[in-house]
Amino acid sequence: MPASLPAGLDLGERRRRRQALSGLVVLAILLVLPLGIGDVYVRNILILTLMYTALSQAWNILGGYCGQISLGHALYFGIGAYVSTLLFTKFGVPPMLGMVAAGFVAALIALVVSWPCFRLSGHYYAIATIVIAEIVYLLFLNWDWVGGALGINVPFRGESWVSFQFRTAKLPYYYAFLGLAAVLWLASYWIENSKWGFYWRAVKDNPIAAQSLGVRLFRSKMVAAAASAFFTGIGGSFYAQFVAYIDPDSMMNAQLSILICLPAVLGGIGTLWGPAVGAAVLIPLTEVTRSYIGGSGSGTDLILYGVLIMAVATLKPEGLTGLFRIDGRIKPAAAPATGPSGSTHAA
Amino acid sequence: MTAETLAQVVVSGLLTGMIYALIAAGLSLIFGLMDVVNFAHGEFLMTAMYATFVLYITLSIDPLFLLPMVAVFLFAIGVVVYRVLIVRALSVKVNSGMVQIFATFGLGIFLRGIAQFVFSPDFKSLRGTMLSDKTVSVLGVFMPLPQLAASLVCVVAFIGLWLLTTKTHFGRALEATREDSEAVALIGVDRHFIFAMGWGIGAATVGVAGVMLSTFYYISPGVGVTFALIAYVVVALGGFGSLPGALVAGLAIGLVEALTTLLIPPSLKQVGVFGLYLLVLFVRPRGLFGNL
Amino acid sequence: MARWGKARAGAVGVVLALAVWFGVVSFGIDGRVAHAAPTEIVIGAVYPLTGPGAQVGLDAKMALETAAEVINGSYDLPVPLGKGGGLPHLGGAKIRLVFADHQSDPQKGRAEAERLITQEKVTALIGSYQSSVAATISQVADRYGVPYIAADNSSPSLNRNGLKWFFRPSAHDEMFTIAMFQFFKDMQGKTGKPVPSVSLVHEDTLFGTDSGNAQHKTADAAGIKVVADVKYRANSPSLTSEVQQLKAADGAVLMPSSYTSDAILLVKTMADLGYKPKAIVAQAAGFQEQAFFDAVGPAAEGIISRGSFSADLAPHRPAIKPVNELFRKKAGKDMNDNTAREFMALLVVGDAIDRAGSADLEKVREALVATDIPGEMTIMPWKRIKFDETGQNLDATPVLLQYVGGGWHTIWPFDLATQPPIWSVGQ
């Protein structure tokens, strides 16, 4: 019986209350922040940051809490974007409804994909996720009905919340993504203290012991995958309305998959604030280096960007939230010999 | 579709597969055997190609004779990367794999930026080397000399690596260190030295691949991106920890990729390759010959 | 509790840094008051400056800078605003260029275009090489009501989205394709031999797909058999199977639509497999880049490409020589199809702003719509520059060029040709 389970039960009411308080404070700040910033470009960055926070938190459900490292999450993002956009452009379904469908389709695909893939371990699983995302990307690129390489233009039919279109206004998108990020934060908060959360931590830290407790390993992983994909899909459909033009290259590419999980890694995988902190650092960095330094064409923005990523990885590999110690992670099971492989680090 | 077309496609697919295997060989050592992720593998390849380019232009020595120099250069890079970057990532107790991905992802971007800064983004090619632009036709099937040479080098490289990892002290130390680095410390093996050597050798191997590739492929900062994913799939398909597996997987992927173009539009040929990967893994979850 | 102190300090530090950063960037908000007569006109240019296509982007930068020099300087050239000294109707206001990198990504292109519009307050946007990125940039420009000049985007669908602020002085791929097939017809008239068949090979992004479609349609209409239509993955590691299929199909004329990397690989692989079609007629792009010739050398002999520009048309267009000299000084190489179009794009929009007499966007748009520049005042073989209601210049007459002896020579239309074409199709 893993030694941590009894200790883990005592999450500390104080810690939970601190987390809830910090959540409220941050939310309050974020609610009023854009009102004080008029610059469109900055608002753009804020929106992207919130989007990647949301996406990374969704990824964190599967990767951070449940330990299944997916490197192909752009698949669900793209599916979400395409489902709601196709429903809107071909069938006139308003995106506000379409996004729910998008989430469900993404979740369904996650179940279909995960069912054979979860039997693969570690690296094999990760590469399988990359490969599956690539396959769907190539299929979409060559499929005329969804626009293929030409992509789909979301025609502007007038401003409205129902069709989630605005001529140049950014604020509605900001609040939509903030809402999504907040919902996911709440979901993570709930997970940390829930039955599912304990199961998943058990699964991640010691699958054999967890199995011996009768935890339905497989079922819990599937739920995590579906939840993660659901929210990622919704994020995708929001983004499609935000940019008003989608094509496989922007919605399903491999780089996007990495960008979805990087904030969580940067901030601290499997932590409550990790994805948010990571996104807040990574996304403005990405955008600003390209916009203000990339204009020279000499590659210096790439050099700077690469160095900064490596710097964080070498100086604070556990994640930036370690800096704040706002929320300590539940220590993994202080497991002695964990079996024949003897590996002391999870890969 | 004629027999000639089929024969050509099969032969070309196998030759391409050898290239894939050669590129993946170094990764099979680093990723497959040492269990360390390297998302900058493609950029190591690119670095080797640029190194070949510079040496060829300045020294006018044919790339084939530049192999040792470039291999040593990449060996040094591998060791440096390990000591500066990877060591930190490995020190993380949990999710070290993700941190490795992150760190090497940054490294890849950095190397691409340096390449663009130094060489400009324009495509460069090696002209007039011993083997460039020469092709030989056997029974109507064309086989370009650079690719043939690369295939030969590939076989040699794999034999060399296999001997290294199975028959030498070092190879055994490498595997032992991966299994349990604390235990090996007890018998006086410095894990960092072993792993650094492993990284050096792995990088040198992809350096060799870069030299051979530059005799027939264009060089640009983004050239690594094109080959990186295939290298990963090769290693995973062959099975982690199996060098012969990577060779077989490379050939299989090259062949399947080529044959797929005869059946479906060529823009979808990678779907055939990836489909193969998933199919194999469904039946053998640890790849063709994986033992980890 | 020293730990907490450190943590709190860290948190405060980060929040402060973020606040300072936001503040600084926000103060970039332009508090500019509209002046009666601006002393400078800001034009934005969005090009790939890193990633694939970066070399083309850098060349575009130099072409645009050359054009700005002509407008602002005192070279006295026979082009619009060629007298120099800035924009005469705006009191000599100078053109200032601001560049942004879209990294060949449509979403980044959108973000950069928006930044240029809202932060730099550009009066117009020029771009963008890749047609897929032009799709998003033109949409953004339309939303904000800023003119977008598609200097070198050749996808036909771009001016068919009902945009009001889209202007394309150069031809699109359907016009180029029609020119190619007209050339086939004309050659049939000359040699008496028709083109029996064509093989199409094109990459799979917006450019290649549109081009392949246009070529297939036009071939069908002309009654020429399409024996192969190979769509390949852009930036593939290997194209041997694709080339083998082309070889097996053995079309008389090969018509590729590829960017530079694929063009190099394609031609090299063709040489590897001993495949030499009777003629190669390319949709420019990669086939007109210096890097392509450097890479394939003699294998490029005889390749025909459509183009918008040819240096050997200097006798018909007096401005070509001096402009090319200026560009050469900057870039170290001659102008080509892309750089010539980019050069012209700035002149076109500068001319419109000048006629508008102000930086007011609506007035600029009206001036663009009223554009009517005769071909002799350009460096292009075009009849004239005049936009139709979709923003397309229908008089952007293309030329066909052939690469012979290390240089491009105009071979069609015959009245502009400087050399007879080397053409052995059907013989």
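**View 1. The salt bridge between Glu242(C) and Lys269(B) in the predicted model.** In this predicted model, Glu242 of chain C forms a salt bridge with Lys269 of chain B, and the closest N and O atoms of the two residues are 2.9 Å apart. Across the interface of chain B and chain C, one salt bridge is found, while the residue pairs in polar contact between these two chains, both at pLDDT 80 or more, number 11. On the side of chain B that touches chain C, at least two residues each are supplied by α1 (3–33), β2 (141–144), α9 (223–238) and α10 (243–263) of chain B. The largest share of that side, seven residues, comes from α1(B), and by class the side has 15 nonpolar, 12 polar and five charged residues.

**View 2. The area buried between chain B and chain C.** The contact is made by 32 residues of chain B together with 37 residues of chain C, and the area buried between the two chains is about 2,800 Å², of which carbon and sulfur atoms give 56%. Within chain B, the residues that lose the most area to chain C are Phe123(B), Tyr218(B) and Ser267(B), which together account for 19% of what that side buries.

**View 3. The interface of chain A and chain B.** Here 52 residues of chain A and 51 residues of chain B take part in the contact, and the two chains bury about 4,700 Å² between them, with 74% of it on carbon and sulfur atoms. Zero salt bridges are found across this interface, although six residue pairs, both at pLDDT 80 or more, are in polar contact. On the side of chain A that touches chain B, α6 (122–141), α12 (254–267) and α14 (300–315) of chain A each supply at least two residues, and the largest share, 12 residues, comes from α14(A). The residues of this side of chain A divide into 33 nonpolar, 15 polar and four charged.

View 4. Seven strands of chain C form an open sheet with mixed pairing, in the order β7-β6-β8-β9-β10-β13-β14, and its edge strands, β7 (225–232) and β14 (407–412), each pair on one side only. Neighbouring strands of the sheet are turned by 25 degrees against each other on average, direction ignored. Strand β6 (residues 197–203) and β7(C) run parallel and are joined by seven bridges, and Leu200(C) stands opposite Asp229(C) in β7(C). Helix α7 (residues 240–249) of chain C packs on the sheet, where α7 touches β6, β7 and β8 (253–257) of chain C, and the direction of this helix makes about 180 degrees with that of β7(C).

Key: Residues numbered from 1 in each chain as written. Chains lettered and ligands numbered in written order. Predicted model: local features only at pLDDT ≥ 70, side-chain atom pairs only at ≥ 80, totals over all residues. Heavy atoms only, no water. Pairing = 2+ DSSP bridges. Helix = DSSP H or I, 4+ residues; strand = E, 2+ residues; numbered from the N terminus. Axes fitted to C-alpha atoms, helices over the stretch in contact; angles between N-to-C directions. Contact = heavy atoms within 4.5 Å. Buried area = accessible area lost by both parts, 1.4 Å probe. Salt bridge = Lys/Arg side-chain N within 4 Å of Asp/Glu carboxyl O. Polar contact = N/O pair within 3.5 Å; in protein donor to acceptor, adjacent residues only side chain to side chain. Nonpolar A, V, L, I, M, F, W, Y, C, P; charged D, E, K, R; others polar.
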